[in-house]
Amino acid sequence: MDFEDARIEGTMRRSLLDTLPAVFLALLLAPSPAVADECDVLAQQIAQATGAKKPGRRMGPSIDVRAASGVTLNLTCRAQPIVQASSGEPSPSATYFRELTIASELVIGEPAGVIGPILARAYETAVREGRKSFIQQNGWSASCYTDSAGALRTLCSVGRIPKD
């Protein structure tokens, strides 16, 4: 091997070694195939239940689903899936809460009739107290954040509480 070949080989080896940490990091952060498959199935179920044509594109652990009503739901799958919706309206519509409740029923397995009142209470508490409201209920939680001045006026989410 001459000097030029050795120099090129050394450059290629350094380049490969420089990219390996990024490759390993990407592999660590990527959802496992089983979690991804479960999340895709759950997103499809939410899409069907809310009249969406299909789930949106996966972005990391999250998938957006735009319901037929126009409400966008975000499903994030990590240790336990969580669904959330945001609203720029001063007071979110009944449709916003209905769509989030429907999706939540699929995510946590509790009846909509149980989820709806807890979600409403989380929202009302957030508005009244001017801070994030977090309500735990039998292994799951509902939370809402409100901001009367920002472009994002309301963000509510529902999900199972991960077990240690």
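**Figure 1. Right-handed crossing of helices α3 and α4.** In this predicted model, α3 and α4 cross in the right-handed sense, a crossing being right-handed if the near helix is turned clockwise from the far one by less than a right angle, and left-handed if anticlockwise. The axes of α3 (residues 94-108) and α4 (residues 112-129) come within 9 Å and cross at roughly 125°. The angle makes α3 oblique to α4; angles under 35 degrees count as roughly parallel, over 145 as roughly antiparallel, 65 to 115 as roughly perpendicular, and the rest as oblique. Axes are lines fitted to C-alpha atoms, for helices over the stretch in contact, with angles from 0 to 180 degrees between N-to-C directions. Helices (H or I, at least four residues) and strands (E, at least two) are DSSP runs numbered from the N terminus. Residues are numbered from 1 along each chain as its sequence is written, and side-chain values use heavy atoms, leaving out hydrogens and water. Local features need pLDDT of at least 70 and side-chain atom pairs count only at pLDDT 80 or more, whereas totals for chains, interfaces and linings use all residues.

**Figure 2. Residues in the contact of α3 with α4.** Helix α3 contributes F97, L100, T101, S104, E105 and I108, and helix α4 contributes A112, I115, G116, L119 and Y123; contact means heavy atoms within 4.5 Å. By class, seven of these residues are nonpolar, three polar and one charged. Ala, Val, Leu, Ile, Met, Phe, Trp, Tyr, Cys and Pro count as nonpolar, Asp, Glu, Lys and Arg as charged, and the others, including Gly, as polar.

Figure 3. The strands form an open antiparallel sheet in the order β1-β2-β3-β4-β7-β6-β5, two strands being paired if DSSP finds at least two bridges between them. Strands β1 (58-59) and β5 (133-137) stand at the edges with a single partner each, so one side of each has no neighbour in the sheet. Helix α3 packs on the sheet, touching β3 (72-77), β4 (81-87), β6 and β7, and its direction makes about 175° with that of β4. Helix α4 lies across β5, β6 and β7, running at about 35° to β6.

**Figure 4. Pairing of β6 with β7 and β5.** Strand β6 (residues 140-146) pairs with β7 (residues 154-160) in the antiparallel sense over seven bridges, and S141 has G159 of β7 as its bridge partner. Five bridges join β5 and β6, also in the antiparallel sense; here S143 of β6 is the partner of F134. The hairpin of β5 and β6 has two residues between the strands, and N138 takes a positive phi near 50°.

Figure 5. Strand β1 pairs with β2 (residues 62-66) in the antiparallel sense over two bridges, with M59 opposite S62. Two residues lie between these strands, and G60 in the turn has a positive phi of about 65°. S62 also stands opposite T76 in β3, within an antiparallel pairing of β2 and β3 over five bridges. Five residues separate β2 from β3 in their hairpin, where G70 in the turn has a positive phi of about 100°.

**Figure 6. The disulfide of C39 and C77.** A search of the whole structure finds two disulfides, defined as pairs of cysteine sulfur atoms within 2.5 Å. In the pair shown, the sulfur atoms of C39 and C77 are 2.1 Å apart. The link is right-handed, with 80° about the S-S bond. It joins distant parts of the chain, C39 in helix α2 (residues 33-49) and C77 in strand β3, 38 residues apart.
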